[in-house]
Amino acid sequence: MADQTQSTPLDLRAIAPHLLLPLAIIGVVVFFAALQPAMISGGNVVNIMKQSSLFFFVAAAQLVVIITRGFDLSVGANVSLVSVVSSMVMTSLLPGLGVEIGVFAGVCTGLAIGAALGAINGVLVAYARINPFVVTLATMSIFTGIATTISGGFPIFNLPEGFSFALNQMTVLLLPIPLIIAGAVAWGLHVMLTRTVHGRVLYVLGDSNEVAHVGGRRVREHLFFAYVTSGILAAIAGLLMTAQTGSGEPNLGTSLVLSSIAAAVIGGASLRGGTGTISAPIYGALLITCLSIGMNLQQINGSLQPVVIGAILIFGAALDAYRTRGR
Amino acid sequence: MPAQTIQNTARRNRIMASIGILPVVLIVTCGLLALYEPRFLRSSNLINVLRNASFLSIISAGQMLVIIVGGFDISVGAIVALTSVSSALSIVWLADLGIESVAMIVALGCLLGLVPGILVGLANGFFVSVMKISPFMVTIGTMTIAAGIAGYVTGGTPIYDLPDLFTREIGRGSLFRLPYVVYAAAVVLGLLWYMQTQTRLGRYFYAVGGNEKAARLSGLNTRKYIWAAYVLSALLAGIVGLFLTARVGSGEATLGSNLMLESISVAVIGGVALKGGVGRIPMVALSALFLSVLSNGMSLIRIDSKYHIIIIGIVIVIAVAAESYRESRRAGHG
């Protein structure tokens, strides 16, 4: 059906899917603002910007692999492990080397660990050809185990003030720093996905693995790097979240796995692979963040909030099934 | 007689291929454990292992059915929690109604307790088979919904005051020294084995998972079988929920939180192919036994529980890597 409507560019049914999510987000904000004016107070808007920026990174990490018809169940464990290790590096280097070098080393270690964890997933998925679901299920429990083991299960306190300031509280032109970083990364990802060979290969891979092979690209390398990218994005999320909580937490990312997939899919990435643009994690992160902040302001019972998210998840997936039925 | 030798080797290879290395690994693990830690062989410990393996194999059998028809059931753990809460609530409610016979209360309460779980299974089946939504998304959604409802209803506090008949008899009772859940597992596995190997229904499940389109074109109502697999999986998860509730003695919204991962791990280690159409009950039972022996052994030799998930994760990777290596070799030769 979508194909027939494409010939008339101003047909409402052709542009409706693109307007649906922004309208839904605005609708959610207006709905909660009507119930509780605090929803659009300055402080809360900054809060929404920060939270959705943090959430954007895990959703984007998920998007990169969902495009290839994969999954990354280990993003949450990745976030936890990065949080723990970078905090430990910072607190141990702080007395000897000063704040700047300590924070810099912590951030670099975090990113390197994210890349390494992504590389482990990538090797197993791309070179050992194991189902991504099973691979990341297993690495999820391995990474979580390592995070709780090296931290002893306790949060790591006494992070330098400068770290929290630089990655969470600082504002540039009135915009919070997580939003700036998210914007820059989103732009970079957008260019990578649409303007580079690597990006195109990822979409082809998701559409049909065989076509990608026949096309003569070194498919395994591209698939491998998709998981590395995903790992780095999750590491950025881990660093920013650590800066926000102010301590290294071994269970920081536990709840992120399912909601990151939810955000990417609600935003328009298909689990059948081959589709999904950078707008998917942006819209998805904004929608879920606005919903949960709104429900918090409305003091809806904490156990009922996942029920709402779950219902939206199924709704988003149903929408996806409807969209792709023609293909 | 070289021809016959070749035939014999071929037959042996075929038998080896169909059994796989899991039984060998299981026996070696048990042997090493028995040598290293004699407490492993104590009958109380072996019964403990068998009990855990029974819980695990019932829920994994359901997971296997769903994977055979080409799906996933992420919601099994949440169904265990939901059933725990709903059965405890209905037993307490029935007791308040003033029904005389305790046996009646327990029986009715268990039956009522299974209802919410089966509803979740029906919803899973509907969304997957009729609406054609990715099973992963559907069951993640129903998982969060079921877990949320279970948490909301209990408000975070367990439901106590369950009758002794339920907690002592079903939870801790035994026949010939074996807990009841072992017999339940034997019955469930036996029935499923019979269904899979001896009935047409069982073959239809494989047909749907192996090639849904071909199955549909040859006249099977594929929706029906996919739906049935999700309902059966939910029912088995519910049964595990009942036994676990009786075992811990209260209705808890956090029960079974790691059973989802464990059931998928058991299925994967037991050689159930995630692309559907492959999977056998005996292997799943062996695999459940193997995981139970492994975690029991790790506790016995005092490996910190934090390492358990690391080791189990590594075991999964090795199992699946071995499987895909075997498959690629088979594809290469054939």
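Predicted model: local features only at pLDDT ≥ 70, side-chain atom pairs only at ≥ 80, totals over all residues.
Let me start with B:Lys132, which counts as partly exposed because it has 13 C-beta neighbours inside 10 Å; the scale behind that word calls a residue buried if 20 or more other C-beta atoms lie within 10 Å of its own, exposed if 12 or fewer, and partly exposed in between, with C-beta atoms placed from the backbone. Residues are numbered from 1 along each chain as its sequence is written, and chains are lettered from A, with ligands numbered from 1, in the order in which they are written.

B:Lys132 sits in the loop between α5 (102–130) and α6 (135–154) of chain B, where helices (H or I, at least four residues) and strands (E, at least two) are DSSP runs numbered from the N terminus. Its phi is near 60°, a positive value in a residue other than glycine.

In chain A, the loop between α3 (42–67) and α4 (75–127) holds A:Arg69, whose phi, near 65°, is likewise positive in a residue other than glycine. A:Arg69 counts as partly exposed, because it has 19 C-beta neighbours inside 10 Å.

What about A:Cys290, buried or exposed? With 22 C-beta neighbours inside 10 Å, A:Cys290 counts as buried, and it belongs to helix α12 (residues 279–297) of chain A. Leaving aside residues up to four places away in sequence, A:Cys290 touches A:Ile25, A:Val28, A:Val29 and A:Ile48, contact being taken to mean that the C-beta atoms of two residues, placed from the backbone, lie within 7 Å.

Turning to chain B as a whole, we have 14 helices and two strands. Its radius of gyration is 21 Å, close to the 20 Å that the globule rule gives for 334 residues, so chain B is as compact as a globular protein of that length; the radius is taken over C-alpha atoms, and the rule is 2.2 Å times the number of residues to the power 0.38. Of the 334 residues of chain B, 48% count as buried.
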